[in-house]
Number of protein chains: 2
Amino acid sequence: MANDKKLVESITSMDEDFAQWYTDVVKKAELVDYSGVRGCTIFRPAGYAIWENIQKELDARFKATGVENVYMPMFIPESLLNKEKDHVEGFAPEVAWVTHGGGEQLQERLCVRPTSETLFCDFYSHIIESYRDLPKLYNQWCSVVRWEKTTRPFLRTLEFLWQEGHTAHATAEEAEERTIQMLNLYADFCEEVLAIPMVRGRKTDKEKFAGAEATYTIEALMHDGKALQSGTSHNFGDGFAKAFNIQYTDKENKLQYVHQTSWGMTTRLIGALIMVHGDNSGLVLPPRIAPTQVVIVPIMQKKEGVLEKAAELREKLGAFRVKVDDSDKSPGWKFSEHEMRGIPVRVEIGPKDIEANQAVLVRRDTREKTVVSLDEIDTKIGEILEAMQKEMLERARNHRDAHTYEAHSTEEFADVVANKPGFVKAMWCGERACEDEIKEKTGATSRCMPFAQEHIADTCVCCGKQAKSLVYWGKAY
Amino acid sequence: MANDKKLVESITSMDEDFAQWYTDVVKKAELVDYSGVRGCTIFRPAGYAIWENIQKELDARFKATGVENVYMPMFIPESLLNKEKDHVEGFAPEVAWVTHGGGEQLQERLCVRPTSETLFCDFYSHIIESYRDLPKLYNQWCSVVRWEKTTRPFLRTLEFLWQEGHTAHATAEEAEERTIQMLNLYADFCEEVLAIPMVRGRKTDKEKFAGAEATYTIEALMHDGKALQSGTSHNFGDGFAKAFNIQYTDKENKLQYVHQTSWGMTTRLIGALIMVHGDNSGLVLPPRIAPTQVVIVPIMQKKEGVLEKAAELREKLGAFRVKVDDSDKSPGWKFSEHEMRGIPVRVEIGPKDIEANQAVLVRRDTREKTVVSLDEIDTKIGEILEAMQKEMLERARNHRDAHTYEAHSTEEFADVVANKPGFVKAMWCGERACEDEIKEKTGATSRCMPFAQEHIADTCVCCGKQAKSLVYWGKAY
């Protein structure tokens, strides 16, 4: 049991030091490891398997809306990156440059893609000719590189994994519709699969994507009260189309510019999972995303028949993602280990249980123990997983709602940000100056103008002029 | 019908100019497009979907043998690449170097991974401590970059997609067993899914991987008689372990070096599919890998009830990957188009067919037409797909066997290589000098020493000294 103690002791309490707790969980649950390359992490099997499940689920949802996958080169020639003014200004400072290849200096340097709008636009300008070619609904799964100064696993790394969808449409209406459709797809996925409630809204001009007409976002609240931008969807209008000359002939045989969108989600979702659901014993994974949903821990496994029964049980539970831990560690060590890894349900089965035709189920989030008959264990586990999925979302929503505050004055705003970590709802006049002032004074940024607008005051919380919209503010990762 | 003609005319005949035929198919079947980056291609939906199916099938087979997926950084610091002497000599000349990031020159330049042995070794040196940590069976799906001078879609590109498996074992025997296991897994996959027969064997020292003790390979024969190395599996012994100090404590508490393997398959498999199965009408895809297995082409689709029936049929064929082509092109145009794309079975259904409760099935490889009752169309299509899969493999095997020759003298060897494109089986003494001489004189390289050894002569085909093994030789992509 010495091992157990060591394992549990080695995690910092989340209330004591949330940042350290996060780092501990990431390491102890073996999600990632640091690599010899500054700011780049290694996705270990437990971490990558979560990403694989995210991919599988999102990819199916994309395809159900007509999206097709492609793969674009990882390099962007400098001249191509420079084609859209706002875009290059936003990204050029944080790219990595390849200057030599095959032993020679390149005539034109290539950046490692920080995002692929320019490549997709160049491609679209070649393959789109007629209205018959529209819409184009392409997506790619890949990694991108942004030269960040400070990094944290999943949340901000030099290289990260993501998907980037890029679409081209005949009309502005269609592009806007697709932008919103994908944002809602993201939010539904997060709520239904990751059990993370989202605030859906639009970014202010200050916070929008470099080159976009409008950026929509989903924002989640972490356990420590900080916000995490979890996915964005951009409407480019015809700005990129004009820069890259992407035109089509319409039904009246007239040349028109296409209207474009892009939308992306990244491995930072795994960071969100950790920070929304985790506790002082480690990770807690929602059943629908958990690579292993059920772990069977045999008790007194050297006794005759125990391992056989465990294997039999695994077969019986074939509808779930199940593992048997028959390693030579103690049961206590295994309990801690699988709690650390966030496996939703633990099944304990030993000689006495077998004799009584039963097993003990332990639910990861509530620690609730249930003794069940082996005859109905599959049904029971199905029920527990379903309840856990549902209740994890509810708990996260309650936590978020309990940490969402209103501010009606500068003083109240500053007080909330300083003393009550969470979202701050406050009215805003629409001016960049007020956003800047709020950030400078409090450290909070505008997270979004939610689709679900409320009118909680007539005037801007900062300047007192007439308010245009309600904004969610907060400190963010 | 003008469109049909144009479409068919625009493909070069494979007997006239195989290289041009290949390029035409790749373009017309919309598998890839050229990008603005030299030597890098864009995988279009039809091409990427084939890769997705390859991934799905291979990944399941990997996991069934205990392999877990991870993701390593795309950058390798120069000092890390330099750690294993043979390895760096093999790869350094063809890597791309990142020298600047975030607006500043880097203190140490980073290469974009050409392969990730060095990263995995560095990682393993940190996470492997005891025999309990072994084996490690990791794989990653990613892209790699090698600065090739001349490139061709799928076959040789600066950036390509692949998987690379890297394993660490307690003993040399286990490592060798895994090396062979993965080679056989690759070959079985190619034969069972891609319908491409493989020669399984070992590379000569000259042709082995930089840093490996032994490289095993599977070699396929293309329609034009040239060979294509289709997958390799390497046994590293403890060479990398010594260079990277990867040690574990064994059961007797002694420090031991691990034994390692790596194995990879790439998007060049798609090139193999094209060149083994394609014909003068375009691509021919084996049913098991085809993204669309059945295309339904409605005839006189504006007549009442035709599109409804086509949609109904699609539902009935839900066990297959089915599409309905209800675009406003002519049926003739659609026939050519879907033949070009290699879709295994075409279903034609028009008003007369509906009246007779039947449809016309056309098999892509043989063009065989069958009229079937709609009541049994699903069973019939299942049978056709199965027969097609089987017969495509048989045809490819017959073609390969018919183009595999024996040579017993230098003259015979030169004559075969010059006049009979295909594999040449000939005995070899084991000396590098003879390999070099054969290559210089004939252009043929040693493809492999097949596991299925034969003794067709006592002496080396080149120098006349005593022969050590039978070798498959050939010109290769």
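**Charged patches and domains**

Tutor: This is a predicted model. Lys56(A), Arg321(A), Lys56(B) and Arg321(B) form a positive surface patch.
Student: Where does Arg321(B) sit in chain B?
Tutor: Arg321(B) is in a loop of chain B, between helix H10 (306–316) and strand E16 (322–324).
Student: And how exposed is Arg321(B)?
Tutor: Arg321(B) has a relative accessible area of 31%, so it counts as partly exposed.
Student: Which helix gives the most to the negative patch?
Tutor: Helix H14 of chain A, residues 410–419, with three residues. Glu412(A) lies in that helix.
Student: Why is Glu412(A) called partly exposed?
Tutor: Because its relative accessible area is 31%, and partly exposed covers the range between under 20% for buried and over 50% for exposed.
Student: Changing topic: how is chain A divided?
Tutor: Into domain 1 (18–277), domain 2 (294–385) and domain 3 (403–474). Taken over C-alpha atoms, the centres of domain 1 and domain 2 of chain A are 40 Å apart.
Student: Where is Ser125(A) found?
Tutor: In helix H6 of chain A, residues 117–127. Ser125(A) is partly exposed, with a relative accessible area of 24%.

Conventions
Residues are numbered from 1 along each chain as its sequence is written. Chains are lettered from A and ligands numbered from 1 in the order in which they are written. This is a predicted model: local features need pLDDT of at least 70, side-chain atom pairs count only at pLDDT 80 or more; totals for chains, interfaces and linings use all residues. Side-chain values use heavy atoms; hydrogens and water are left out. Patches are made of residues with over 30% relative accessible area and no salt bridge: like charges are joined within 9 Å, nonpolar side chains (Val, Leu, Ile, Met, Phe, Trp, Tyr) within 5 Å. Accessible areas come from the Shrake-Rupley method with a 1.4 Å probe; for residues, only the protein chains shown count as cover. A salt bridge is a side-chain nitrogen of Lys or Arg within 4 Å of a carboxyl oxygen of Asp or Glu. Lys and Arg count as positive and Asp and Glu as negative; His and the chain ends are not counted. The place of a charge is taken as NZ of Lys, CZ of Arg, CG of Asp or CD of Glu. Helices (H or I, at least four residues) and strands (E, at least two) are DSSP runs, numbered from the N terminus. Buried means under 20% relative accessible area, exposed over 50%, partly exposed in between (1.4 Å probe, protein chains only). Domain bounds come from an automatic or database domain assignment.
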